Amino acid sequence: MTLVRPPLRPLLCALLLNLPGTAGAQTPQALLETFTQQARNEDRAYTGPSAARGGAWFRQQHGGDWSCASCHTAKPHNPGRHAATGKPIAALAPAANPRRLSDPAKVDKWFRRNCRDVLARECTAAEKSDVVAFLLTAP
Amino acid sequence: MNLHMTRLPLLFAGALLAASAAQADDARYAPASALWQSECGSCHLAYPAELLPAAGWRALFASLDQHFGSDASLDAATTTALLKEAEARAARRGSGAPTRITETPWFRHEHDEIAAAIWKRAAIGTPANCAACHRGAERGDFAEAQLRIPR
């Protein structure tokens with residue numbers, strides 16, 4: 001028993017540490033740090049996440065008909081509605097909806113799709129970092 | 001002979017009953033997989049796969065990045081799984097490869113008594129909004145008993 005115990009601990013820790021990066025949950029804060037790090041790797045001049053910049057970016061159009069706010073509303077603590085189909089969309093801010101920004105695969109999927117719809121391209125890490133910072137601000 | 005004659009109307013009634021039961025069944029679809037419900041139901045109703053022919057589903061899943069004006073792209077494994085489910089449940093009738101359910105001859109026939117002005121009502125908006133009138137649409141129940149057209 002005493003022989004088994006010591007190696008188990010590091011193994012468990014390794015598993016727990018691994019989970020967020022692979023298949024499991026991730027805190028919005030960790031997500032923000034990941035995007036910020038990526039943003040710094042992409043652009044050395046990136047000064048760090050700005051909720052104010054993210055909020056403005058969230059509400060403005062980027063050459064097309066839609067902004068993020070078209071579906072998620074200008075106040076993402078409120079539920080939204082799909083701009084084309086009218087289907088209700090649950091609130092985007094984690095404070096209002098704890099399931100948001102908790103699954104990295106889902107976050108990647110929806111950034112990819114929605115950025116192409118709104119900006120006709122994928123978003124940069126800096127844009128993602130700023131917008132996540134905005135989503136984490138109090139209503 | 002006598003026996004045969006008396007049985008005939010009964011058989012006939014039985015056949016009629018079976019036909020109407022089949023028709024009623026047509027309007028209720030078995031639940032889709034959890035994957036279908038979540039992936040196809042985020043932005044709109046998770047439409048029953050029975051409403052398009054397999055060729056239509058193949059065309060639709062081949063162009064998810066341009067999905068009626070939105071990018072609905074998925075990873076390859078998820079796309080393959082959903083297409084497999086669609087092909088297994090797809091409509092047996094219908095020709096060509098329609099991707100828009102509301103433009104199939106079947107849909108038009110089923111809704112030919114709905115005037116254009118009714119589709120435009122605020123509570124409906126578009127023929128794609130099944131659940132506006134078909135109150136059981138979210139669980140695949142399109143039976144007439146569940147039908148109520150909002151004012």
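## Salt bridges within one chain

The side chains of B:Arg89 and B:Glu50 form a salt bridge, with N and O 3.0 Å apart; this term denotes a side-chain nitrogen of Lys or Arg within 4 Å of a carboxyl oxygen of Asp or Glu. The pair connects distant parts of the chain, 39 residues apart: B:Arg89 belongs to helix α4 (residues 76-89) of chain B, and B:Glu50 to the loop between α2 and α3 (54-61) of chain B. Helices (H or I, at least four residues) and strands (E, at least two) are DSSP runs, numbered from the N terminus. B:Glu50 is partly exposed, with a relative accessible area of 21%. Here buried means under 20% relative accessible area, exposed means over 50%, and partly exposed lies in between (1.4 Å probe, protein chains only).

The model is predicted: local features need pLDDT of at least 70 and side-chain atom pairs count only at pLDDT 80 or more, while totals for chains, interfaces and linings use all residues. Residues are numbered from 1 along each chain as its sequence is written, chains are lettered from A and ligands numbered from 1 in the order in which they are written, and side-chain values use heavy atoms, with hydrogens and water left out.

In chain A, A:Arg121 and A:Glu127 also form a salt bridge, their closest N and O atoms being 2.7 Å apart. A:Arg121 is partly exposed, at a relative accessible area of 36%, whereas A:Glu127 is buried, at 13%.

## Salt bridges and the two chains

Over all chains, the count comes to 11 salt bridges. One of them pairs B:Glu39 with A:Lys109, and the closest N and O atoms are 2.5 Å apart. B:Glu39 lies in helix α2 (residues 34-40) of chain B and A:Lys109 in helix α5 of chain A, so this pair joins two chains. A:Lys109 is buried, with a relative accessible area of 12%.

A network of salt bridges links A:Arg116, A:Glu122 and B:Asp71.

A:Gly80 lies in strand β1 (residues 80-81) of chain A and counts as buried, at 10% relative accessibility. Leaving aside residues up to four places away in sequence, A:Gly80 touches A:Cys71, A:Thr73, A:Lys87, A:Pro88 and A:Ile89; contact means heavy atoms within 4.5 Å. A:Leu101 is 21 residues from A:Gly80 along the chain, and the C-alpha atoms of the two are separated by 16 Å.

A:Asn97 sits in the loop between β2 (88-89) and α5 (104-119) of chain A. A:Asn97 is buried, with a relative accessible area of 14%. With residues up to four places away in sequence not counted, A:Asn97 touches A:Ala90 and A:Ala91.

## Chain B as a whole

Chain B contains six helices and zero strands; from the N terminus on, its elements run α-α-α-α-α-α. Of the 151 residues in chain B, 36% are buried. Among the contacts in chain B with a separation of 6 or more, 59% are between residues 24 or more positions apart.

The accessible surface of chain B comes to about 9,600 Å², and carbon and sulfur atoms account for 60% of this area. Accessible areas come from the Shrake-Rupley method with a 1.4 Å probe; for residues, only the protein chains shown count as cover.
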